[in-house]
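Please walk me through the structure below, with attention to its core and its aromatic rings. State the cut-offs behind each term.

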Amino acid sequence: DEGPSRLAPALTSSHQAYELFLQGRALSPRIFGAGVLEQAEAYFKRAIAIDPDFAEAWGELGYAYAQMASYIQADDRRAILARSNEAAQKAIDLKPGYGFAWMVLSWTPLTLGDITESARLAEKGLSLSPDNPDVLIRSGYYLLVIGRVAEAIPLIKQAVELDPIQGEHARWTSRARRWQCLARDRASCACRGNRRFACLHV
């Protein structure tokens, strides 16, 4: 069987938890649509309830919270970020070499304006999982946000080459090209796509 169930044992012993994980992952990159991120959160929580040691589900839950904190208007943004950190740290406790969870941890200091700490965590994640397309795409996005466009594009291209079916990766290739054009004109790139971040010139 070449379907998802064949891959499930690599991440979890439960095929049901893995199916829920895949459903959550299909939703968590989306930032538009009422309740989409909350649905992703619910899928990951259900997967974790079945297999509490499912590190990747914890990491993706942390990512869903990071998305909420970044794109949903909420009075309790810091509380959402705290939940993101807790989930990502749980993933790291279960699997210290899981680079994606370190990338998720990098999002809180970035959102709060601590670029130095954010960069440290992001670089740690990339060093642990340099061939993971999810880590590569998030690393590329991170570099775009802080204005390091020339460094971001190769990572995004590599992610697409490793996982050409993932639509999120292809979308970020297009966005990176647009930001590259802005950078050539010495336009402010870092605030594009998320106005809450300070504009940084390349």
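**Core and aromatic rings**

The largest nonpolar core has 54 residues, and F54, L61 and Y142 touch the most other members. A nonpolar core here is a set of buried Ala, Val, Leu, Ile, Met, Phe, Trp, Tyr and Cys residues joined through side-chain atoms within 4.5 Å. Buried means under 20% relative accessible area, exposed over 50%, and partly exposed in between, with a 1.4 Å probe and protein chains only. At least two residues of this core come from each of helix 2, helix 3, helix 4, helix 5 (77–94), helix 6 (99–111), helix 7 (115–128), helix 8 (133–145) and helix 9 (149–162). Helix 4 gives the most, with nine residues.

The model is predicted: local features need pLDDT of at least 70, side-chain atom pairs count only at pLDDT 80 or more, and totals for chains, interfaces and linings use all residues. Residues are numbered from 1 along each chain as its sequence is written, and side-chain values use heavy atoms, with hydrogens and water left out.

The protein chain has 10 helices and zero strands. Helices (H or I, at least four residues) and strands (E, at least two) are DSSP runs, numbered from the N terminus. Of the 202 residues in the protein chain, 50% are buried. Contact means heavy atoms within 4.5 Å; among contacts in the protein chain between residues at least 6 apart in sequence, 52% join residues at least 24 apart. The accessible surface of the protein chain is about 10,000 Å², and carbon and sulfur atoms account for 53% of that surface. Accessible areas come from the Shrake-Rupley method with a 1.4 Å probe; for residues, only the protein chains shown count as cover.

F54 lies in the loop between helix 3 and helix 4. F54 counts as buried because its relative accessibility is 0%. Not counting residues up to four places away in sequence, F54 touches L11, T12, A17, Y18, F21, A47 and L94. F54 and F44 are 10 residues apart in sequence, with their C-alpha atoms 9.7 Å apart in space.

Aromatic pairs come next. Rings of Phe, Tyr and Trp (its six-membered ring) pair if their centres lie within 6.5 Å; planes under 30 degrees apart count as stacked, over 60 as edge-to-face and the rest as tilted. By this rule there are five aromatic pairs. One of them joins F21 and F44, whose ring centres are 6.2 Å apart with planes at 55 degrees, so the pair is tilted. This pair links distant parts of the chain, with F21 in helix 2 (residues 15–27) and F44 in helix 3 (residues 36–50), 23 residues apart. F21 and F44 are both buried. F21 also forms a tilted aromatic pair with F54, at 5.0 Å centre to centre and 40 degrees between the planes. That pair too links distant parts of the chain, F21 and F54 being 33 residues apart. Y18, F21, F44 and F54 form one aromatic cluster.

Two rings also have a charge over them. A charge sits over a ring if NZ of Lys or CZ of Arg is within 6 Å of the ring centre and within 35 degrees of the ring normal. The charged end of K124 sits over the ring of W102, 5.1 Å from its centre. For R138, the charged end sits over the ring of Y63, 4.2 Å from its centre.
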